[in-house]
Amino acid sequence: MHTVELLLDAPLEARVRTVWRDLLAMGLRSLASHEHPTNRPHVTLATADALSPVVAPALDGLPLDVELDDVVFLGRTVAWRVRPSAALLSVQRRVWEALDGRDRNPLHEPGRWVPHVSLALRVKPELQDRYPRDIGAASGRVVAARTYNSETRTVTSLA
């Protein structure tokens, strides 16, 4: 499986990492404990079994301003929702279309996609009430893109 991800600017990444550490300090699951070198805050645009060479040109328009809004629960993922600007939705749609016919994840289909930055994964539903709902808003930019290959656990820069 391959992901197409947008990377945050340094101040916004630092803010997300602070929230990760705060959650861990509260005794909650958090991506702060995920120590793989590829782990960093990001916004996943799409996932697919294979990537197309036309994915990189679909990312034209970076950097983009983004605002992280409220905490949401997406299944067992605790996430900081990204306010879906027209520019962000346009980039995501172009990436989705570039992956046409490549076994795309339907959760990333335009109109269904929920832009977010993950804070914690595999959180049991009965523990979600322990997570703070109001961590405030944060703003910054997405400045680059990469792909993550889940089989090889490697990343490749896209833009």
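1. Let's start with Ser-118. Its relative accessibility is 18%, so Ser-118 counts as buried, because the cut-off for buried is under 20%. Keep in mind while reading that this is a predicted model.

2. Where does Ser-118 lie? You'll find Ser-118 in strand 5. Leaving aside residues up to four places away in sequence, Ser-118 touches Trp-20, Leu-31, Thr-77, Val-78 and Ala-79.

3. The largest pocket holds about 850 Å³ of space. Have a look at its centre: of the 33 lining residues, those closest to that point are His-42, Thr-44, Thr-77, Ser-118 and Leu-121.

4. Which elements give two or more residues to the lining of the largest pocket? They are strand 1 (2–8), strand 2, strand 5 (116–120) and strand 6 (138–149). Sorted by class, the lining has 17 polar, 9 nonpolar and 7 charged residues.

5. Next, pick out Leu-45, which sits in strand 2 (residues 42–48). Its relative accessible area is 0%, so Leu-45 is buried. Not counting residues up to four places away in sequence, Leu-45 touches Val-4, Leu-6, Leu-59, Leu-88, Val-91, Gln-92, Val-95, His-108 and Trp-113.

6. Time to zoom out. How many helices and strands does the protein chain have? There are 3 helices and 7 strands, and from the N terminus on they run β-α-β-α-β-β-α-β-β-β. Among contacts between residues at least 6 apart in sequence, 78% join residues at least 24 apart.

7. Last, the overall shape. A compact globule of 159 residues would have a radius of gyration near 15 Å, and the protein chain has 15 Å, so the two agree. Taken along the principal axes, the C-alpha atoms fill a box of roughly 45 × 30 × 30 Å. Buried residues make up 44% of the 159 residues in the chain.

Note on methods. Residues are numbered from 1 along each chain as its sequence is written. This is a predicted model: local features need pLDDT of at least 70, side-chain atom pairs count only at pLDDT 80 or more; totals for chains, interfaces and linings use all residues. Side-chain values use heavy atoms; hydrogens and water are left out. Helices (H or I, at least four residues) and strands (E, at least two) are DSSP runs, numbered from the N terminus. Buried means under 20% relative accessible area, exposed over 50%, partly exposed in between (1.4 Å probe, protein chains only). Contact means heavy atoms within 4.5 Å. On a 1 Å grid over the protein atoms alone, a cavity is a set of points where a 1.4 Å probe fits but cannot get out, and a pocket is an open set with protein on both sides within 12 Å along at least five of seven lines; lining residues have an atom within 4 Å of a point. Grid points are joined across faces, edges and corners, and a volume is the space filled by probe spheres set on the points. Ala, Val, Leu, Ile, Met, Phe, Trp, Tyr, Cys and Pro count as nonpolar, Asp, Glu, Lys and Arg as charged, and the others, Gly among them, as polar. The radius of gyration is taken over C-alpha atoms; the globule rule is 2.2 Å times the number of residues to the power 0.38.
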